[in-house]
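Take a look at the model, then read on.

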Amino acid sequence: MTRTVYVNGDYTPEDQAMVSVFDRGFLMADGVYEVVSVLGGKLIDFEGHMVRLKRSLSELAIANPLSDDAYLAAHRDLVARNDITDGLVYLQVTRGNPGDRDFAYPSADTVPTVVMFTQSKPGLADAPAAKTGWSVVSVDDLRWGRRDIKTVQLLYPSMAKMEARARGADDAWMVEDGRVTEGTSNNAYIVKGNTIVTRELSHDILHGITRAAVLRFAREAQMQVEERAFTIAEAQEADEAFITSASAFVMPVVSIDGARVGAGTVGPVATRLREIYLEESLKTGV
């Protein structure tokens, strides 16, 4: 069955949806996006994603075309129209269609383009990899300097993901000046004793919505959290490692550049944080 997608206020079959060839998202990667997970028909961490969306738009001086209530209504409508129980809603806002191509921004009255669609992922919270863990490899971080803005310019993370697969791994951790920044589409963590270590917020990494929730839950569970950079060598010598993202939630990492992390199996901290995150997020989902 053909999905229903959202394009600039209209709900339309996916094979009939159209965006202008002059849209700056297509020509310049001039846009931002968010991905909201759906579990049991509920939107997870929706409010946090809206806060980050508005920040990303503001940093790029793109007008926010919809209210939070309008975004929420559209998300809920798409979930219902496409009968999504577990999956995600992808939202993209670009600077719009100025009618021609130019490096300079178009006039301020150019209407932004808003696109949303769903992806069904039955059993999203029960991913088998959560019980076996991921392997990751390290790659140089060659992205631009404003990784805190969730832009649609994802070519290098895609290249890094493909390099990881070519090397027999599940994902790549990007390294800059000898320190891990983040994964291709996730935040990175190590565990030493009772301390969780993850890079501090800055322009160098995405300010993950799942990251914020997991760190809050960790502190509430009396776990120690240290926000600082770490090296690949330090990660290989840690007791555990894991990543967080909107669709993987908390995913253990058991191997880094071929070296086992800890016992090379999923550890108790990542397991417990995943349990807490899923439990608490389902309570507050909308």
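Are helix 6 and helix 8 roughly parallel or roughly perpendicular to each other? They're roughly perpendicular, a label that covers angles of 65 to 115 degrees. The axes of helix 6 (residues 209-220) and helix 8 (residues 268-284) cross at roughly 110° and come within 10 Å. Axes here are lines fitted to C-alpha atoms over the stretch in contact, with angles from 0 to 180 degrees between N-to-C directions.

Here's who makes the contact, meaning heavy atoms within 4.5 Å:

| Helix | Residues in the contact |
|---|---|
| Helix 6 | Thr210, Ala213, Val214, Phe217, Ala218 |
| Helix 8 | Leu273, Ile276, Tyr277, Glu280 |

By class, that contact has seven nonpolar, one polar and one charged residues.

A word on the source: this is a predicted model, where local features need pLDDT of at least 70 and side-chain atom pairs pLDDT 80 or more, while totals for chains, interfaces and linings use all residues. Residues are numbered from 1 along each chain as its sequence is written, and side-chain values use heavy atoms, leaving out hydrogens and water.

Now zoom out. The protein has eight helices and 15 strands, counted as DSSP runs (H or I, at least four residues, for helices; E, at least two, for strands). Its C-alpha atoms fill a box of roughly 55 × 40 × 35 Å along the principal axes. Buried residues (under 20% relative accessible area, 1.4 Å probe, protein chains only) make up 50% of the 286 residues. Among contacts between residues at least 6 apart in sequence, 71% join residues at least 24 apart.

Notes: Parallel < 35°, antiparallel > 145°, perpendicular 65-115°, else oblique. Nonpolar A, V, L, I, M, F, W, Y, C, P; charged D, E, K, R; others polar.
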